[in-house]
Amino acid sequence: MAKRITILGSTGSIGQSTLDIVRNSLKGMFEVVALTANKNAKLLAEQAIEFNAQYVALSDSSNADILKEMLKGLDVKIGTGPESLIEAASYKTDFCMAAIIGAAGLEPTLAAVNQGINIGLANKECIVTAGDLFTQRVKEKRSKLLPVDSEHNAIFQVLDIERPSGVRRLILTASGGPFRSTPINEMRMVTKESALRHPVWSMGAKISIDSATLMNKGLELIEASYLFNRPSKEIDIIIHPQSIVHSMVEYIDGSILAQLGSPDMRIPIAYSMAWPDRMNAHVDRLDLTAMDNLNFFKPDLNKFPALNLARFALETGGTAPCVINAANEVAVDAFLQDKIEFLDITRLIDGVLGKYSSRADFKTEMSTIEEVISKDNEVRKVATENIKKLI
Ligand code: NAD
Ligand code: MG
């Protein structure tokens, strides 16, 4: 029986790699049911045709005509507007790849969770934003989260979930991004082009900037804490430029278990799609003898303040992770639109966090998803106002 799958964000980097796994898989292994995109109607239509999808959803309806024209006469149902993403996620399937970028993926991903199916979780922002509410819903609906973020996928593979008392700490590795070796006094001058040029991974624009500020690792710290139920002090971050060791778990007897592989997202994607089995991901095999070195360093917290901001948000709890995520999304967007400079990204997040801490607002627990979304919207407005003051 084919595994029926939906891909939320199929036109993005993770979405396209997911379809690449389907393309190279044995015939009859997967059946693509629904695909979604934000704006890229042309690629969405091409994917629907190639993979014979039943339903396509385009969140931003301004390009709906292109989609309708390209799919004219074909047996593909078309949905437009943000609601159509929920409809796509509600199609009866066995697996959903959550690969939308940002908190925009929260509601569609939850719609997939509501089906009690396996979720390939790439969209880290939705777990950072909704935290325990998200993991509680997963438990309630008997859904299963299969982490796709390479670090969390690595930990998922080597963590003894049955015996948590034997675990001392989780060790998240970070490549260090394009500015790992840039002197601190040159960080002010870095350009958008250089920030987008990741030394190891090829990814979408937002996560590439997050990797340059190291906020990506900060968000991953929060993601790891919620996914694996570990406090901040039991999660370390270390720089490993080669991105071969994807993350590790240290046990109380001193053993450290790691997962290694080529830096290719198709490995964790294939793992999540085949779980609990394994499948050929058709990637370059790792040749350890061809490698010069595997290096590990402590991160420079002065140069990359995002790590401290994220740790603060995790340790503060309440609304703080949602606040930091929304402020970061707005700041990265402004940077990508050349409205602010690179160092303004973390400065802006710091400013937004400061505004909230003075109101002791973080301690308010969010008890519904609606409250999470409303907090996310509120912070976006505050951050947008703060950007106007900067420019
Ligand atoms: P991307 O920008 O390449 O693609 C994002 C996808 O989401 C696209 O299909 C786009 O159409 C859709 N989308 C964007 N904004 C939307 C909106 N407002 N509403 C609905 N759909 C929207 O992003 P990506 O690099 O594939 O990353 C996707 C997720 O996976 C992110 O959460 C990222 O952190 C995570 N992730 C990515 C990688 C990677 O290698 N790219 C690695 C680890 C984790
Ligand atoms: Mg990652």
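These are my notebook entries on one predicted model.

**Ground rules**

I number residues from 1 along each chain as written, letter chains from A and number ligands from 1 in the order written. In this predicted model, local features need pLDDT of at least 70 and side-chain atom pairs count only at pLDDT 80 or more, while totals for chains, interfaces and linings use all residues; side-chain values use heavy atoms, without hydrogens and water.

**Entry 1: ligand 1**

I started with the ligand. Which residues come nearest to ligand 1? I found Thr11, Ser13, Ile14, Asn38 and Glu125, out of 23 residues around ligand 1. A residue is near when one of its heavy atoms lies within 4 Å.

I then sorted the shell by type. It divides into 11 nonpolar, nine polar and three charged residues. In this scheme Ala, Val, Leu, Ile, Met, Phe, Trp, Tyr, Cys and Pro are nonpolar, Asp, Glu, Lys and Arg are charged, and the others, Gly among them, are polar.

I also checked the helices. Helix H1 (13-24) and helix H6 (124-140) each supply at least two residues of this shell. Helices (H or I, at least four residues) and strands (E, at least two) are DSSP runs, numbered from the N terminus.

Next I looked up polar contacts (pairs of N or O atoms within 3.5 Å; within protein, one must be able to donate a hydrogen and the other to accept it, and residues adjacent in sequence count only if both atoms are side-chain atoms). The side chain of Thr11 has an N or O atom 2.7 Å from an oxygen atom of ligand 1. For Gly204, a polar backbone atom is 3.0 Å from a ligand oxygen. For Ala122, a polar backbone atom is 3.4 Å from a ligand oxygen. The protein covers 86% of the 820 Å² of accessible area that ligand 1 has on its own. Such areas come from the Shrake-Rupley method with a 1.4 Å probe; for residues, only the protein chains shown count as cover.

**Entry 2: salt bridges**

Side chains of opposite charge can pair when their charged atoms come close. I counted a salt bridge when a side-chain nitrogen of Lys or Arg is within 4 Å of a carboxyl oxygen of Asp or Glu. How many salt bridges does the whole structure hold? The search finds 25.

I looked at Arg23 and Glu50. Their side chains meet at 2.7 Å, N to O. Arg23 sits in helix H1 and Glu50 in helix H2 (residues 41-51), so this pair links distant parts of the chain, 27 residues apart. Arg23 is partly exposed at 42%. Glu50 is partly exposed too, at 45%.

I moved to Glu220 and Lys124. Their closest N and O atoms are 2.9 Å apart in a salt bridge. Glu220 lies in helix H10 (residues 215-228) and Lys124 in helix H6, so the pair ties together parts 96 residues apart in sequence. Are these two buried or exposed? Glu220 is buried at 1%, and Lys124 is buried at 4%.

Asp160 is partly exposed at 25%, whereas Arg163 is exposed at 53%. I also noted one network, in which salt bridges with shared partners join Asp20, Arg23, Glu50, Asp264 and Arg266.

I looked for a cis peptide bond. The bond from Trp275 to Pro276 is cis, with omega near 5°. Pro276 lies in the loop between H11 and H12.

Then I looked up positive phi angles. Arg142 has a phi of about 55° although it is not a glycine. Arg142 is in the loop between H6 and S7 and is exposed at 72%. Leu214 is not a glycine either, and its phi is about 75°. Leu214 lies in the loop between helix H9 (205-213) and H10 and is buried at 2%.

Lys141 is also in the loop between H6 and strand S7 (144-147). Lys141 is partly exposed at 35%.

Definitions and conventions
Buried means under 20% relative accessible area, exposed over 50%, partly exposed in between (1.4 Å probe, protein chains only).
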